[in-house]
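This briefing covers one protein chain, shown below. The points after it are grouped by topic.

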Amino acid sequence: MSLASEELRYVYAVCRPLDAPLAADLTGVGGVPPRQLAHEGLIAVVGPVPERDFAEEPLRRHLEDLDWLADTARAHQRVIAALTSVTCPLPLRLATVFRDDSGVRTMLQEGADRFRRVLERIDGCVEWGVKVHLESEDPSRERSAGTSAPAPDKPRTGRDYLRQRRSRQTAQEEGRQRAEAFAQGLHEKLARRADDARLHAPQNSALSKAPGQNILNAAYLVPRAHSEEFVELVDETKDEERESSGLRVELTGPWAAYSFTTDDATGDEPAAGGTERSR
């Protein structure tokens, strides 16, 4: 079997023809430099990967290997980040693989209308992520921890215990309501300064390892030219009053427009974060 027949095509992203070259030392999955495959005005950024690792069965096994998955994701993101520095790419799912160049061209042909719509929408933009965390379920407890206020008296009776328990539950609920109101207001303010916005499901703190309860998990499509203003707007929320109330605002980016590669907020077209079977 020839070497070529043992290689599949890993596709990182779809984009328009690049105005500037990628860095000469850029490498992707397997340490191999990516190349550009053109088809009717669209570019697929691809790289060869071995069939022994990326055919359907071995790939399924590899995806259960966290170390392998992390290495592959880092290589994938390295190429996407390099593309984002010179264009506005449409990232494909992690481990999107085709049998050969012909399979990639077929993908470009079949998805041409959608690719062009998305590329038109994200042109000149980057994605910023904003999260709001409630760092303590009981804000009053957190505030008192930093002061000399005495701890609540130990309940002397069952009635005292129930009264204190109701008081804690009320404080927790009020804290969550204030956090949700703040997050909603912040999202509305940021969405007005963005070309588009997406609300994602709150992160599970046990999985993300981030402290506190995730109240807001949102992405914003922002023109590069307005990114500095957007960042300043987020920074305005990071004041002493918000910190003392147990809220933490987290900004990430700029990224490729991962959250905006579908035709609508609920679409399931390929984007970063999943797998495509070999063709």
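Valine 11 is buried at 0% relative accessibility, where buried means under 20% relative accessible area, exposed over 50%, and partly exposed in between (1.4 Å probe, protein chains only). The model is a predicted one, in which local features need pLDDT of at least 70 and side-chain atom pairs count only at pLDDT 80 or more, while totals for chains, interfaces and linings use all residues. Residues are numbered from 1 along each chain as its sequence is written, and side-chain values use heavy atoms, with hydrogens and water left out.

**Valine 11**

- Strand β1 holds valine 11; strands (E, at least two residues) and helices (H or I, at least four) are DSSP runs numbered from the N terminus.
- Valine 11 and alanine 95 are 84 residues apart along the chain, yet their C-alpha atoms are separated by 7.6 Å.

**Chain totals**

- The chain contains 10 helices and nine strands.
- Of its 279 residues, 41% are buried.
- Among contacts with a separation of 6 or more, 81% join residues 24 or more positions apart.
- The accessible surface is about 15,600 Å², and carbon and sulfur atoms account for 48% of that surface; the areas come from the Shrake-Rupley method with a 1.4 Å probe, and for residues only the protein chains shown count as cover.

**Nonpolar cores**

- In soluble globular proteins, nonpolar side chains tend to be buried together.
- The largest nonpolar core has 25 residues, and Tyr10, Tyr12, Val29, Val45, Phe54 and Leu83 have the most contacts inside it; such a core is a set of buried Ala, Val, Leu, Ile, Met, Phe, Trp, Tyr and Cys residues joined through side-chain atoms within 4.5 Å.
- At least two residues of this core come from each of β1 (7-15), β3 (42-50) and α3 (66-84), and α3 supplies the largest share, six residues.

**Threonine 72**

- Threonine 72 is part of helix α3 and is buried, with a relative accessible area of 6%.
- A polar atom of the threonine 72 side chain lies 2.9 Å from the backbone oxygen of tryptophan 68.
- Apart from neighbours within four places in sequence, threonine 72 is in contact with Tyr10, Val29 and Leu94.

**Salt bridges**

- The count is 10 salt bridges, each defined as a side-chain nitrogen of Lys or Arg within 4 Å of a carboxyl oxygen of Asp or Glu.
- Glutamate 51 and arginine 99 form a salt bridge whose closest N and O atoms are 2.8 Å apart. Glutamate 51 is in helix α1 (residues 51-54) and arginine 99 in the loop between β5 (97-98) and α4 (101-110), so the pair ties together parts that are 48 residues apart in sequence. Both partners are partly exposed, glutamate 51 at 22% relative accessibility and arginine 99 at 34%.
- Glutamate 57 and arginine 60 meet through their side chains in a salt bridge of 2.7 Å, N to O. The two are separated by about one helical turn because they sit three residues apart in helix α2 (residues 56-62). Glutamate 57 is partly exposed at 46% relative accessible area, and arginine 60 is partly exposed at 38%.
- Arginine 193 and glutamate 229 form a salt bridge of 3.6 Å, N to O. This pair links distant parts of the chain, 36 residues apart: arginine 193 is in the loop between α7 (158-192) and β7 (196-199), and glutamate 229 is in helix α9 (residues 227-235). Arginine 193 is partly exposed at 41%, and glutamate 229 is partly exposed at 41%.
- A network of salt bridges links Arg9, Arg35 and Asp101.

**Cysteines**

- The whole structure has zero disulfides, a disulfide being a pair of cysteine sulfur atoms within 2.5 Å.
- For cysteine 15, the nearest cysteine sulfur is that of cysteine 88, 9.9 Å away; cysteine 15 is buried at 0% relative accessible area.
- The cysteine 88 sulfur has its closest cysteine sulfur in cysteine 125, at 6.5 Å, which is too far for a bond. Cysteine 88 is buried, at 11% relative accessible area.

Technical notes. Contact = heavy atoms within 4.5 Å. Polar contact = N/O pair within 3.5 Å; in protein donor to acceptor, adjacent residues only side chain to side chain.
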